[in-house]
Amino acid sequence: MKTTRTKKMVTEALLLGAAILFQMIEPALPVAVPGVKLGLANIIGLIALFMYDWKSMLKINLMRVLLASLLRGTFLGTAFWLSLSGVLLSSCAVILLRKFSKLSVIGLSMASSVFHCLGQILAVSVIYENSYLISYLPMMWLLSIPTGILTGILARLTFTRIRKGGIEHDIQL
Amino acid sequence: MKNLWKYARMNKHDLIFLVIVCIMTVLLYGGLALFRMRDAGGDKVAVVRYRNEEVMRLDLTKDGVYTFEATLGTVTIEVQDGAVRVEKETSPYHYCSLRGWVKQTADPIVCLPNELVITIEGADEGNDINLR
């Protein structure tokens, strides 16, 4: 019993490390449309959700935002609050959708991306006290569909490899 | 590579979700477009806020070029023909200069790296009679 708990903790730590790495290198990756992020770090959150439970996912996502902002030096800045609110809303949405709907990984990934945008826009509207900032939202949602599908595919590919790699977990896609 | 499509398979619920998101996007865009159409004419000012504090109020009826020292460097703001744009700025992606000319209240210019927001407001705002 104790070994499995230790194993879980170590796996979570590894996932967290990977998530921070993704979060840090992502702005450096070239994307076709300027300003679009793939949301690679989100894959790790999904993996945690499917491997363990919603608590792991929330833990990893929150720690990821916190630690990456500390490493980047944006802690408690505007970007940090945007990131935090986006990740909170998207994590909650994904957890609820996982429980109450039959969305697959790709659907969950899309939902995560959509709610991340919504959370960011809500936060930036509150910070700048300007409700017109919502005019950015349609464009963001439109772009969040392809990026969500793409990260969903990547998450699914990762699951297959984790399963083959011998981590004994009952992952249902 | 052919196998990759296997991983892209979506179920019925995914497709329903996708359609819902598309509909919401279109509705939101339409709503904003309607809002822009209702945007009354009249004199407008561009309000420049830095770190959430108003630093400049530019009359859109007067053309001109203004500069402001923001977080990452000098931001050049240009006013011409009742529209405003960020002409030059230092930031990783240059979103706010890519945004181009803006002349309606529903379109703010946001430059997060520089902590700068430019919004367009009615010139006589504040002098309105408020019925409460």
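In chain B of this predicted model, β4(B) and β5(B) form a hairpin with two residues between them. B:D81, which lies in the turn, has a positive phi of about 50 degrees. Strands are DSSP runs of E of at least two residues, and helices are runs of H or I of at least four residues, both numbered from the N terminus. Strand β4 (residues 73-80) of chain B is joined to strand β5 (residues 83-88) of chain B by five bridges, and the two run antiparallel; two strands count as paired if DSSP finds at least two bridges between them. B:T76 stands opposite B:K88 in β5(B). On its other pairing, β4(B) runs antiparallel to strand β3 (residues 64-70) of chain B, with seven bridges. A hairpin of two residues also links β3(B) to β4(B), and B:G64 has B:V79 of β4(B) as its bridge partner.

Residues are numbered from 1 along each chain as its sequence is written, and chains are lettered from A, with ligands numbered from 1, in the order in which they are written. Local features need pLDDT of at least 70 and side-chain atom pairs count only at pLDDT 80 or more, whereas totals for chains, interfaces and linings use all residues.

The domain assignment, which is automatic or from a database, divides chain B into domain 1 (4-38) and domain 2 (44-122).

In chain A, helix α3 (residues 54-72) has 19 residues and reaches 27 Å from its first C-alpha to its last. This is close to the expected 27 Å, the expected span being 1.5 Å times one less than the number of residues. Among the buried residues of α3(A) are A:S56, A:I60, A:R64 and A:A68; a residue is buried if 20 or more other C-beta atoms, placed from the backbone, lie within 10 Å of its own, exposed if 12 or fewer, and partly exposed in between. The buried residues of α3(A) fall within an arc of 155 degrees seen down the axis, so they line one face of the helix; the arc is that of the directions from the helix axis to the C-beta atoms. A:G73, with a positive phi near 85 degrees, follows α3(A).

A:F80 is located in helix α4 (residues 78-100) of chain A. With 17 other C-beta atoms within 10 Å, A:F80 is partly exposed. Beyond its neighbours within four places in sequence, A:F80 is in contact (C-beta atoms, placed from the backbone, within 7 Å) with A:S69, A:T74 and A:F75.

Notes
Two residues are in contact if their C-beta atoms, placed from the backbone, lie within 7 Å.
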